[in-house]
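Subject: Structure handover

Hello,

Here is the structure for you to take over. My notes on what was found in it follow below.

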Amino acid sequence: MADILARYDFLGAFWLTIQLSFWSALGALVIGTVVAILRVSPVPVLRLLGTAYVNTFRNTPLTLLMVFSILGASYVLGLEISDNVTTNIFYWAIIVLSVYHAAFVCEALRSGVNTIPAGQAEAARSIGLTFSQSLTEVLLPQAFRGAIAPLGSTLIALIKNSTVAAVIGAAEAAGLMAVIIENETGSVLVFFLFAVGFVILTLPVGILFTSLSRRLAVKR
Amino acid sequence: MSEPLVVIEGVNKHFGDLHVLKDINLSIDKGEVVILIGPSGSGKSTLCRTINRLETFESGSITIDGKTLPDEGKELANLRADVGMVFQSFNLFAHKTILENVTLGPIKVRKTPKAEAEKKAMELLGRVGVAHQAEKYPAQLSGGQQQRVAIARSLAMNPKVMLFDEPTSALDPEMVQEVLDVMVGLAKDGMTMIVVTHEMGFARKAADNVVFLADGEIVETNTPSEFFSNPTSARAKDFLSKILTH
Ligand SMILES: Nc1ncnc2c1ncn2[C@@H]1O[C@H](COP(=O)(O)OP(=O)(O)OP(=O)(O)O)[C@@H](O)[C@H]1O
Ligand SMILES: [Mg+2]
């Protein structure tokens, strides 16, 4: 077992998982916030756009999107982000993970928006705040605080879903695990080791978000 | 004295099939205090809310200080800044401190420097008697205190007119007076006020006129003493007999 770990870059693979997850979480947060704003905007066309986004990406299998990014977008359409194959895969994996999880971030934020009484927006408007000021000063801060728990669940799902990047050959944890299991004996132990690796990544995230959601909850 | 500040002309509004405001005409002078009174569902809140366009209306016009209410956007926001609104349920920003609640509008809308906005806010909080609570959050205050903060938040914008929609009806009885006292003070200082309330003591003490609404129509306009002792319309008589007997 020890020699397997010595011959394969176990930590390097998990480091890639962390990088993938980090950048994708950031991307998903930004895109998801924008889509959530679309979904609560007073303009019907924008709302429709937001709804269409969520329905499309929430209902498409992640594996499909991942494969499409390389086979469809990169090879057929020639949308290569980098000439370096590994880098290209890395970037595309981040984009796909961001775009896919943004739909869930949006829904988490919307559940946060639903915790806000209508009077908050009315009070914001009645002191003369514009729509965007009402959003940034009153609605979004409260929506984020009300959405911390579901956002935490989304982040945990994202970390685990980053393993799907293995299908396009990203050398993250699940990719390495597949390689080791194929080449070596003692696969149950290897599997167990990787599972523990993911628990070590996700468990603190869960604990952190639970405590944050308790501490930052808006008292009404 | 007679200088119309809020002029409502021929305003009609529907909620679906329900005709909630029927050809409302009302002119309120600078410094005037008007009470809106009437049965539940008569359209008092709706009328209040159309004045700062929290509700739209289909026909007629509302002008504030000579300016017509614009449809949406920046211009409407600017006009709303001149119209204070105090809600039944206070609606203080739950994630902001009392001080931040009062300074948000001045800083973001009026572009007042933070230090200056805070100084003015502390003065206003002192005036409504909650200065020592400035660093707390709304949920930590009693209803009466929250409502007084809400009044300070409106005042911080230097509004031309203030709307109050049943400001005391969500309060425990022992807190009603502290809020009414603040409102009487405002009226005495010359604030133009439109107040939805059934508080007759306040009406008698502070109001210039009482407007009685029923089924979306203005049925009677009168001085408080005349309205409460000698209402002319049958519907006002009927309404008053109901609220006076309990
Ligand atoms: N958003 C809305 N959608 C549909 N109908 C509404 C809406 N708001 C109010 N209404 C209806 O319009 C009518 C007038 O309501 P409004 O709230 O203005 O009455 P009110 O005089 O303030 O009553 P109350 O004393 O109970 O506060 C009522 O019949 C009410 O049910
Ligand atoms: Mg009402």
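**Pockets, cavity, ligand shell and sheet**

The lining of the largest pocket is made up of 12 nonpolar, four polar and four charged residues. In this classing, Ala, Val, Leu, Ile, Met, Phe, Trp, Tyr, Cys and Pro are nonpolar, Asp, Glu, Lys and Arg are charged, and the others, Gly among them, are polar.

Before the rest, the ground rules. The model is predicted, so to speak of conventions: local features need pLDDT of at least 70, side-chain atom pairs count only at pLDDT 80 or more, and totals for chains, interfaces and linings use all residues. Residues are numbered from 1 along each chain as its sequence is written, chains are lettered from A and ligands numbered from 1 in the order in which they are written, and side-chain values use heavy atoms, with hydrogens and water left out.

**Pockets**

Pockets and cavities were found on a 1 Å grid over the protein atoms alone: a cavity is a set of points where a 1.4 Å probe fits but cannot get out, a pocket is an open set with protein on both sides within 12 Å along at least five of seven lines, and lining residues have an atom within 4 Å of a point. Grid points are joined across faces, edges and corners, and a volume is the space filled by probe spheres set on the points. Helices (H or I, at least four residues) and strands (E, at least two) are DSSP runs, numbered from the N terminus.

The largest pocket holds about 510 Å³ of space. Its lining counts 20 residues, and those nearest the centre are Pro42(A), Ala121(A), Arg125(A), Phe131(A) and Leu139(A). Both chains take part: α6 (118–126) and α7 (131–146) of chain A and α2 (74–81) of chain B each give two or more residues to this lining.

The second largest pocket has about 220 Å³ of space. Residues of its lining include Phe22(A), Leu26(A), Val105(A), Phe144(A), Leu158(A) and Phe209(A). Two elements of chain A, α2 (10–40) and α8 (148–161), supply two or more residues each, and α2(A) has the largest share with five. By class this lining has 11 nonpolar residues, one polar and no charged.

**Cavity**

There is one cavity of 30 Å³ or more, and the volume of the largest cavity is about 50 Å³. Its lining consists of Ala36(A), Ile37(A), Val40(A), Leu109(A), Val113(A), Leu135(A), Leu139(A), Leu140(A) and Ala143(A). α2, α5 (85–113) and α7 of chain A each contribute two or more of these residues; α7(A) contributes the most, with four. The lining has nine nonpolar residues and no polar or charged ones.

**Ligand 1**

Which residues are around ligand 1? They are Phe15(B), Leu18(B), Val20(B), Pro39(B), Ser40(B), Gly41(B), Ser42(B), Gly43(B), Lys44(B), Ser45(B), Thr46(B) and Glu166(B), where a residue counts if one of its heavy atoms lies within 4 Å. By class the shell has four nonpolar, six polar and two charged residues. β2 (18–29) and α1 (44–51) of chain B each provide at least two residues of the shell, and α1(B) gives the most, with three.

Polar contacts are pairs of N or O atoms within 3.5 Å; within protein, one must be able to donate a hydrogen and the other to accept it, and residues adjacent in sequence count only if both atoms are side-chain atoms. Oxygen atoms of ligand 1 have such contacts with polar side-chain atoms of Thr46(B) at 2.5 Å, Ser40(B) at 2.6 Å and Lys44(B) at 2.8 Å. The protein covers 59% of the 640 Å² of accessible area that ligand 1 has on its own (Shrake-Rupley method, 1.4 Å probe; for residues, only the protein chains shown count as cover).

**Sheet in chain B**

Chain B has an open sheet of four strands in the order β2-β1-β4-β5, with antiparallel pairing. β2 and β5 of chain B are at the edges with a single partner strand each, so one side of each has no neighbour in the sheet. Two strands pair if DSSP finds at least two bridges between them.

- β1(B) and β2(B) are joined by eight bridges; Val11(B) has Ile24(B) as its bridge partner in β2(B).
- β1 (residues 4–15) and β4 (residues 59–64) of chain B pair over five bridges, with Ile64(B) in β4(B) as the partner of Val6(B).
- β4(B) and β5 (residues 67–68) of chain B have two bridges, and Thr63(B) is partnered by Thr68(B).
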